[in-house]
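Hi,

Here's the structure I promised to pass along. Have a look, and my notes follow below.

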Amino acid sequence: MFKRCCCQGDRSPATVGRHNQIKAERQSGIVRERSSRQQTRPGAVSILAAACLVTVVIFAAFAIDIGYICLQQAHLQAAVDAAGHGGMISFPEGEGAVLNAAEALLVKNGYDPSNNESLQVTFEFGDWDVDARQFTPVSFADANCLRVHLVDQTVLSFFGVLMGRDKYSVGAEAIAILSGPPRDVSVVIDCSGSMSAVMSNGQTRNQNSRAAAINFVHSLDDNDRIGLAVFGWEDLTRNDYQKTAIVENWLQFTKGPVLSRIQQLNAGEYGSNQRTNIGAGLRAGLDVLLDSTEQRPPYQDLNEVEQIVVLLTDGLANAAEPYPVPDDGPTGRLPLSPYTESYDEQESITRWSNTIKARGFKLYVITVGDSADSPIMVSAASPPDDVEDSYYYHIAEGPDDSLQLFNIYREISNNGRIPRLVQ
């Protein structure tokens, strides 16, 4: 016989009622728990939704303000880029022309430098080191670049006011230089006794020539090579033509030696009885371009290098230099001594200048003073082309003649160069 469990077998009304009561209590507890959860969940979601909404609004506000700031930053940058570029176009015309052009372009782009309450505008001339990418403030006379800095302190805030910020300050900066192909430059300076004549600023032609040439060398790019020749020099090894010229510095990238030597030059550098042998100066200037102490790196295309001679003289030749054979040929070397043939001073200038130009070199000629033999010097200079209307410059005696000399050297330095933004 099997025995049944009392709880299973006991089907009395009391037992069944007790089981039903327990089951009902359990079901009621579950319902109450579910009901409690359903009643508390809507409140928690509302709080979370409100917090998220506030966060979204804050981020949206900042996104709108930041977007507007970036837009104004782009406008500022475009304005200073235009000012720097336009200012450097006027660089050969002088400091005032540069500043006027830069300010006009800022005004055209909506930023008036005279509005000191909302704008801070700074124009600086400087020396730009291409390799180090470094700007060093200098005077206009020594500068090769322009830096334009602009700050707008009135950029509106749309939602920043909620955080107590109703305006923003936004700034932009641009540095512009004049750039072009690399150059080999032969500077030729007259150091004959006549260069001791005084100019309008109380300084001698020699003193002004040195100062202007130093500024010229400073203005050259780091990719330019520079050399120096002087005429009015006595060569005692010659039989006939003892007044000649000498190469002081061969072509090199380093400016220091050339600058140092120019600073030392005097009228009558190699003797007080020197004569003005302009043909010799041209010959020595050509020698500088034919030889160098520092070669260009192999990655530079020599066909793109611009080679120029810059001759400064009082323009009155009273001595000659034997010219090469063939007369106008590209060799540019002195014929063998002794020099028994008679050479005319003007013919000497013509033959040596033609030899320079026959090699494709550009020849700038600067004459100082009223005694210059202008017709022969005009013909010596390179003919006009797409770059220059004239390669000949004459400075007559009178007011501002020294300033003209500085401006001419600056113009030559900038010829063929175009503005380029470096920052």
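Phe-125 and Phe-140 are both buried (under 20% relative accessible area with a 1.4 Å probe and protein chains only; over 50% would be exposed, in between partly exposed). Before the rest: this is a predicted model, where local features need pLDDT of at least 70 and side-chain atom pairs pLDDT 80 or more, while totals for chains, interfaces and linings use all residues. Numbering runs from 1 along each chain as its sequence is written, and side-chain values use heavy atoms, leaving out hydrogens and water.

I get five aromatic pairs, taking Phe, Tyr and Trp (six-membered ring) with centres within 6.5 Å; planes under 30 degrees apart are stacked, over 60 edge-to-face, the rest tilted. The Phe-125 and Phe-140 rings have centres 4.9 Å apart and planes at 75°, so they're edge-to-face. Phe-125 sits in strand E1 and Phe-140 in the loop between strands E2 and E3, 15 residues apart (strands are DSSP E runs of at least two residues, helices H or I runs of at least four, numbered from the N terminus). Ring pairs also bring in Phe-91, making a cluster with those two.

Tyr-364 and Tyr-391 are both buried too. Their ring centres are 4.8 Å apart with planes at 55°, so that pair is tilted.

Arg-410 lies over the face of Phe-140, 4.3 Å from the ring centre (the rule: Lys NZ or Arg CZ within 6 Å of the centre and within 35 degrees of the normal). Arg-351 does likewise over Tyr-323, at 4.5 Å.

Lastly, helix H6 (residues 278-290) has twelve of its 13 residues buried.

Cheers

Notes:
The expected span of a helix is 1.5 Å times one less than its number of residues.
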